[in-house]
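Here is a friendly note to read alongside the model. Please keep the view open and follow the points in order.

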Amino acid sequence: MGKDRSIGVALDYSKGSKVALKWAINNFLESGDTLYIIHVKPALGNESRNVIWSASGSPLIPFSEFKDPAVWQGYGVNTDAEVLELLHDLSNRLEVKIVGKIYWGDARDKICGAVDDLKLSGLVMGSRGLGSIQRVFLGSVTSFVTEHATCPVTVVKDPSSS
């Protein structure tokens, strides 16, 4: 892949998604890339933002606003100091444009939709490490996305979960 790529990281602030973000920062992102932080919240009732942005997701949130926890809280998302620090360091170290986007609904469908919506050239996501029986009963967002996304997907497993 060349420069000026659009790379997404699916981030739900779980340990696995933070491991995936760290991996993307240390091993994948290059100067000139755009990093999209993709967060999916379950659709809960008729909150006005769910109705307004149910199909398209939130407007793009530039890092200058993204790094303010009050902005995320306005969307009903609690941020994580570790994640904000990682992204701040990334923005200082590399010339990477960082943008956030929030979707409401089923994570499987919304992440695959984000790949097309944001025209991603690659997606990085974590794995919860479900066993084969748990995947059958619970389903796996990661399995679904790797099968249906229209761009390459890198799944980063949390080394401490083995």
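1. A word on terms before we start: two strands pair if DSSP finds at least two bridges between them. With that in hand, strand 1 and strand 2 are a pair, parallel and joined by 5 bridges. Serine 6 has threonine 34 of strand 2 as its bridge partner. Please keep in mind that this is a predicted model.

2. Now the overall picture. The chain has 162 residues, and 44% of them are buried. Its secondary structure amounts to 8 helices and 6 strands. Along the sequence these follow one another as β-α-β-α-β-α-α-α-β-α-β-α-α-β. Among contacts with a separation of 6 or more, 79% link residues 24 or more positions apart.

3. Strands of a sheet pair through backbone hydrogen bonds, either parallel or antiparallel.

4. Next, the other pairings. Strand 2 and strand 4 run parallel and are joined by 8 bridges, with lysine 41 partnered by tryptophan 104 in strand 4. Strand 3 and strand 4 run antiparallel, with 2 bridges between them; here proline 62 has valine 99 of strand 4 as its bridge partner. Strand 5 (residues 122–127) runs parallel to strand 6 and is joined to it by 5 bridges. In that pair, leucine 123 is opposite valine 153 of strand 6.

5. How many residues of strand 1 are buried? The count is 5 of the 5, so strand 1 is largely enclosed by the rest of the structure. In a regular strand the side chains alternate between the two faces of the sheet. In strand 1, both faces are covered, with Ser6, Gly8 and Ala10 buried on one side and Ile7 and Val9 buried on the other. Strand 4 is mostly covered too, with 7 of its 8 residues buried.

6. Two packed helices are described by the angle between their axes and the distance between the axes. The crossing of helix 6 past helix 8 is right-handed. Helix 6 brings Ala107, Arg108, Asp109, Ile111 and Cys112 to the contact, and helix 8 brings Val141, Phe144, Val145 and His148. By type, the residues of this contact are 6 nonpolar, 1 polar and 2 charged.

7. Is leucine 120 buried or exposed? Leucine 120 counts as buried because its relative accessibility is 8%, and the cut-off for buried is under 20%. Beyond neighbours within four places in sequence, leucine 120 is in contact with Ser6, Ile7, Gly8, Tyr36, Ile38, Ala114, Val115 and Cys151. Leucine 120 and threonine 34 are 86 residues apart in sequence, yet their C-alpha atoms are 9.3 Å apart in space.

8. Helix 1 (residues 15–27) packs with helix 5 (residues 81–93) at an angle of about 10 degrees, their axes 11 Å apart. Helix 1 and helix 5 are therefore roughly parallel. Lys18, Leu21, Lys22, Ile25 and Asn26 of helix 1 meet Glu82, Val83, Leu86, Leu87, Leu90 and Arg93 of helix 5. This contact is made up of 6 nonpolar, 1 polar and 4 charged residues.

9. Apart from neighbours within four places in sequence, lysine 18 is in contact with Leu11, Tyr13, Asp80, Glu82 and Val83.

Methods
Residues numbered from 1 in each chain as written. Predicted model: local features only at pLDDT ≥ 70, side-chain atom pairs only at ≥ 80, totals over all residues. Heavy atoms only, no water. Left-handed = near helix turned anticlockwise from the far one by under 90°. Helix = DSSP H or I, 4+ residues; strand = E, 2+ residues; numbered from the N terminus. Contact = heavy atoms within 4.5 Å. Nonpolar A, V, L, I, M, F, W, Y, C, P; charged D, E, K, R; others polar. Buried < 20%, exposed > 50% of the residue type's maximum accessible area, 1.4 Å probe, protein only. Axes fitted to C-alpha atoms, helices over the stretch in contact; angles between N-to-C directions. Parallel < 35°, antiparallel > 145°, perpendicular 65-115°, else oblique.
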